[in-house]
Amino acid sequence: EPQETVSVELESSRTVKEVKVKTGDQVKKGQLLFEYDLSSIQESLEEAQLDLDRLKNEASSLTEQIATLEKEKKQATQDNQLSYTIEIETQKMNLKKNEYDQKSKQAEIDKLSQATQNTEVRSEIDGVIQKIDTSKMGGDDSEGVEDTLTEGTTDSTESSSGDSSGNAFITILSTGAYRVK
């Protein structure tokens, strides 16, 4: 049997745009196997960018509200000072929460940006395509999610029974060196 068998898995949150190889094809190390669909990632990236802009606008609004409350507090009577102080502290807490939300949204944007960079999956070895599991590709987004979920549950039982290629989208057998089993 071949010295090495490589299993190429799909990222669960992404859909395949186009498979560039078929079962039985000879592949070289670095050859393009398949590409991920960018459209859903682009939409998510734009949506996250809009959310970040909204959070930044919200932060500047909160900062202005705090400044206004500080001015009003100075002119307020002694009895009203406490209510202004409470309102100011509440707005400061909202501002801190907003800053945290901005950081997490920026991290999400960075992750999505990185995902747009690596849309191509290439072969790690010289070999022959043994199997392509097209059931993992899915059609539109909703089907892809359902396929992933159902495949994930059946694969976990297959994996526990010793089938290591259960989760593989493409299985490549190396050419060249063989071993006797």
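Me: Is Lys-105 buried or exposed, and what is its relative accessible area?

Reply: Please keep in mind that this is a predicted model, so every value here is computed from it. A residue counts as buried when its relative accessible area is under 20%. Lys-105 falls under that cut-off and is therefore buried, with a relative accessible area of 16%.

Me: Which residue forms a salt bridge with Lys-105?

Reply: Side chains of opposite charge can pair when their charged atoms come close. For Lys-105 the closest N and O atoms of the pair are 3.3 Å apart, and the pair links distant parts of the chain, with Lys-105 in helix 2 (residues 78–117) and its partner in helix 1 (residues 39–75), 54 residues apart. That partner counts as partly exposed, at 23% relative accessibility, and the residue is Asp-51.

Me: How many residues apart are Arg-54 and Glu-58, whose side chains meet in a salt bridge?

Reply: The N to O distance in this salt bridge is 3.3 Å. Arg-54 is partly exposed at 45% relative accessibility, and Glu-58 is also partly exposed, with a relative accessible area of 37%. Both residues lie in helix 1, where about one turn of the helix separates them, and that corresponds to 4 residues.

Me: Which residue is linked with Lys-20 and Glu-35 in a network of salt bridges?

Reply: The side chains of Lys-20 and Glu-35 meet in a salt bridge of 3.5 Å, N to O, and this pair links distant parts of the chain, because Lys-20 is in the loop between strand 2 (16–19) and strand 3 (26–27), while Glu-35 is in strand 4 (residues 32–36). Lys-20 is partly exposed, with a relative accessible area of 37%, whereas Glu-35 is buried at 15%. The network that holds these two residues also includes Glu-18.

Me: How many salt bridges does a search of the whole structure find?

Reply: The pairs discussed so far include Asp-51 with Lys-105 and Arg-54 with Glu-58. The search of the whole structure gives a total of 9.

Key:
Residues numbered from 1 in each chain as written. Predicted model: local features only at pLDDT ≥ 70, side-chain atom pairs only at ≥ 80, totals over all residues. Heavy atoms only, no water. Salt bridge = Lys/Arg side-chain N within 4 Å of Asp/Glu carboxyl O. Helix = DSSP H or I, 4+ residues; strand = E, 2+ residues; numbered from the N terminus. Buried < 20%, exposed > 50% of the residue type's maximum accessible area, 1.4 Å probe, protein only.
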